[in-house]
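I set out to record, entry by entry, what I looked up in this structure. The sequence and the model come first, and my notes follow.

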Amino acid sequence: MEHKKFKVGCHLKAGRLLYEHHGIYIGEGLVIHYAFDGITVDTVEKFARGEIMEEVPHFDSHYTGEEIRKRAFSRLGEDRYDLVSNNCEHFANWCCTGEAESEQVEEAVRLAGTLLLKILEGC
C-alpha cells in the first residue's frame, strides 16, 4: 500500500462496513487513531484494513503537520471512547483544528430527527 504520498499530520479516513474510520498519519507508515479500546498507533495497513484511504482536508487548520502529530501523541493511551461524543472522527478533527466534531454523528442525528418527524406526522 502506497503511503509515501501522505504528509505527517494529515487526517486520513478509511471505509468500514457502516462508517468511516479516522486517524492521523504520523510518518514512517504509521497512523494514530481512536480504536474501541483507546488511542493507539498502528501501521497504515492495519488502520486501512485493505480499504482505500483518503485524506480529509483541513484548509482552516492553524496547525502544522508536526503540531498535529504532537497533539495526537498528547492523547496516546486515552481510553474514553464514546461513539457519540468522543470517537475516532472527533479525535482526528480535534488534532487538526482544535474542534472535536464528527460529521458522521451529526448526519446520524439529522437522519434520526427526520425519521422521527415522519413517524410523528403519520400519527
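**Entry 1: a salt bridge with a buried partner**

I looked up Asp 42 first: Asp 42 is buried, because its relative accessible area is 14%. I take buried as under 20% relative accessible area, exposed as over 50%, and partly exposed as in between (1.4 Å probe, protein chains only). The side chain of Asp 42 meets that of Lys 46 in a salt bridge, at 3.6 Å from N to O. I use that term for a side-chain nitrogen of Lys or Arg within 4 Å of a carboxyl oxygen of Asp or Glu. Lys 46 counts as exposed, because its relative accessibility is 55%.

**Entry 2: basis of the notes**

I note that this is a predicted model, in which local features need pLDDT of at least 70 and side-chain atom pairs count only at pLDDT 80 or more, while totals for chains, interfaces and linings use all residues. Residues are numbered from 1 along each chain as its sequence is written, and side-chain values use heavy atoms, with hydrogens and water left out.

**Entry 3: the other salt bridges I looked up**

How many salt bridges does the structure hold? I found five. In one of them, the side chains of Arg 69 and Glu 66 meet at 3.3 Å, N to O. These two residues are about one helical turn apart, because they stand three residues apart in helix 2. Arg 69 is partly exposed at 26% relative accessible area, and Glu 66 is partly exposed at 37%.

I then turned to Arg 75 and Glu 78, whose side chains meet in a salt bridge of 2.9 Å, N to O. Arg 75 is buried, with a relative accessible area of 13%; Glu 78 is buried too, at 11%. Arg 75, Glu 78 and Arg 80 are linked in a network of salt bridges.

**Entry 4: the chain as a whole**

I recorded four helices and five strands. Helices (H or I, at least four residues) and strands (E, at least two) are DSSP runs, numbered from the N terminus. In that direction the elements run β-β-β-β-α-β-α-α-α. The C-alpha atoms fill a box of roughly 55 × 30 × 30 Å along the principal axes. Of the 123 residues, 40% count as buried.

Phe 91 counts as buried, because its relative accessibility is 0%.

**Entry 5: from Phe 91 to Glu 101**

Phe 91 and Glu 101 are 10 residues apart in sequence and 8.1 Å apart in space, C-alpha to C-alpha. Glu 101 lies in the loop between helix 3 (88-97) and helix 4 (103-122). Glu 101 counts as partly exposed, because its relative accessibility is 42%.

**Entry 6: Leu 17**

Leu 17 is exposed, with a relative accessible area of 81%.
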